[in-house]
Amino acid sequence: MSQLATTIRTRRTAYDFASTPLSPDLLRELCEVAICAPNHRRTAPWRFVLLGSESRATLARLAAEQAGGGVEAYAKAVAKWEKVGALLALYAVSSRPDDLELVREDYAACACAAQNLQLLLWERGLAAQWCTGKVTRLPEVRRLTGCGESDTFVGLFRIGVPLEIPDPIRRHSGEQAFKHLP
Ligand SMILES: Cc1cc2nc3c(=O)[nH]c(=O)nc-3n(C[C@H](O)[C@H](O)[C@H](O)COP(=O)(O)O)c2cc1C
């Protein structure tokens with residue numbers, strides 16, 4: 001198996017990360033590689049935003065408030081959004097927000113870049129959790145990251161050294177995923 005195939009096969013979403021901060025330079029470098037992704041019409045729709053400690057604290061507060069507030073909700077939100085090696089947002093700026101087909105294409109290009117990033121991280125012993133939960137739909141979170149009204153929020157990515165790697169997943173068989181027509 002090629003090195004790339006091994007990286008793809010072994011990569012897992014992690015949920016628990018060391019809070020040791022990752023270097024912003026490393027993240028920038030990995031994002032620059034990740035955007036070497038297929039992109040119809042070469043619209044370069046990707047916007048990666050690295051959240052610093054202040055914006056992570058704001059995000060944690062917003063998440064805690066969304067969860068009803070209180071000490072427990074706040075502690076949970078801090079653990080999730082602040083105690084990670086890095087937190088990245090990704091959104092797609094569409095060249096033609098009025099054209100759904102192009103919006104889909106721009107989102108798809110960003111999803112390719114997101115997976116590139118996850119694989120690059122994995123190759124270095126790092127991992128990510130791609131998050132699209134309800135906190136990502138808060139207008140304040142979109143505003144915090146600079147995601148405009150007509151942009152498509154792709155997700156928040158919790159990143160770091162994984163403290164635990166989930167067991168390998170039993171993937172669906174290739175039989176279901178691949179058909180060879182005569
Ligand atoms: C578009 C997208 C959105 C996702 N959103 C979430 C999420 O909100 N929370 C989460 O824990 N995982 C999320 N994930 C990660 C998936 O749950 C994960 O990829 C899946 O369980 C398979 O596990 P694996 O990544 O280890 O192969 C998302 C993945 C994708 C592609």
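Let me start with one term: two strands pair if DSSP finds at least two bridges between them. Helices (H or I, at least four residues) and strands (E, at least two) are themselves DSSP runs, numbered from the N terminus. With that in hand, hello everyone, and here is the structure.

It is a predicted model, so local features need pLDDT of at least 70 and side-chain atom pairs count only at pLDDT 80 or more, while totals for chains, interfaces and linings use all residues. Residues are numbered from 1 along each chain as its sequence is written, and side-chain values use heavy atoms, with hydrogens and water left out.

Let's look at strand β2. It pairs with β4 in the antiparallel sense, over 7 bridges, and A92 stands opposite T152 in β4. Strand β1, residues 46–50, also runs antiparallel to β2, with 5 bridges joining them. In that pairing, R47 stands opposite Y91.

Is β2 enclosed or open? I will call a residue buried under 20% relative accessible area, exposed over 50%, and partly exposed in between, using a 1.4 Å probe and protein chains only. On that scale 7 of the 7 residues of β2 are buried, so the strand is largely enclosed by the rest of the structure. In a regular strand, side chains alternate between the two faces of the sheet. Here A86, L88, L90 and A92 point one way, while L87, A89 and Y91 point the other.

Next, the inside. A nonpolar core here is a set of buried Ala, Val, Leu, Ile, Met, Phe, Trp, Tyr and Cys residues joined through side-chain atoms within 4.5 Å. The largest one has 25 residues, and those with the most contacts inside it are L59, W81, V135, V141, F153 and L156. Two or more residues each come from α3 (53–66), α4 (71–81), β2 (86–92), β3 (127–131) and β4 (152–160). Helix α3 gives the largest share, 5 residues. There is also a second, separate core of 24 residues, which includes A109, L117, L120 and I159.

Let me zoom in on F153. Contact means heavy atoms within 4.5 Å, and, not counting residues up to four places away in sequence, F153 touches A89, L90, Y91, T136, V141, R142, T145 and C147. T145 counts as buried because its relative accessibility is 6%. A polar atom of its side chain lies 3.0 Å from the backbone oxygen of R142.

Now helix α5, residues 100–123. Its 24 residues should span 34 Å at 1.5 Å a residue, and the end C-alpha atoms are 35 Å apart, which agrees; the expected span is 1.5 Å times one less than the number of residues. At the N-terminal end D99 is the cap, with a side-chain oxygen 3.0 Å from the backbone nitrogen of E101. Just after the helix, G125 takes a positive phi of about 80 degrees.

How many disulfides are there? Counting a disulfide as a pair of cysteine sulfur atoms within 2.5 Å, the total is 0. For C110, the closest cysteine sulfur is in C112, at 9.1 Å, so that is too far for a bond. For C131, the closest is in C31, at 15 Å, again too far.

One last stop: A18, in the loop between α1 (3–10) and α2 (24–34). A18 and I159 are 141 residues apart in sequence, with their C-alpha atoms 9.1 Å apart in space.

Terms used
A polar contact is a pair of N or O atoms within 3.5 Å; within protein, one must be able to donate a hydrogen and the other to accept it, and residues adjacent in sequence count only if both atoms are side-chain atoms.
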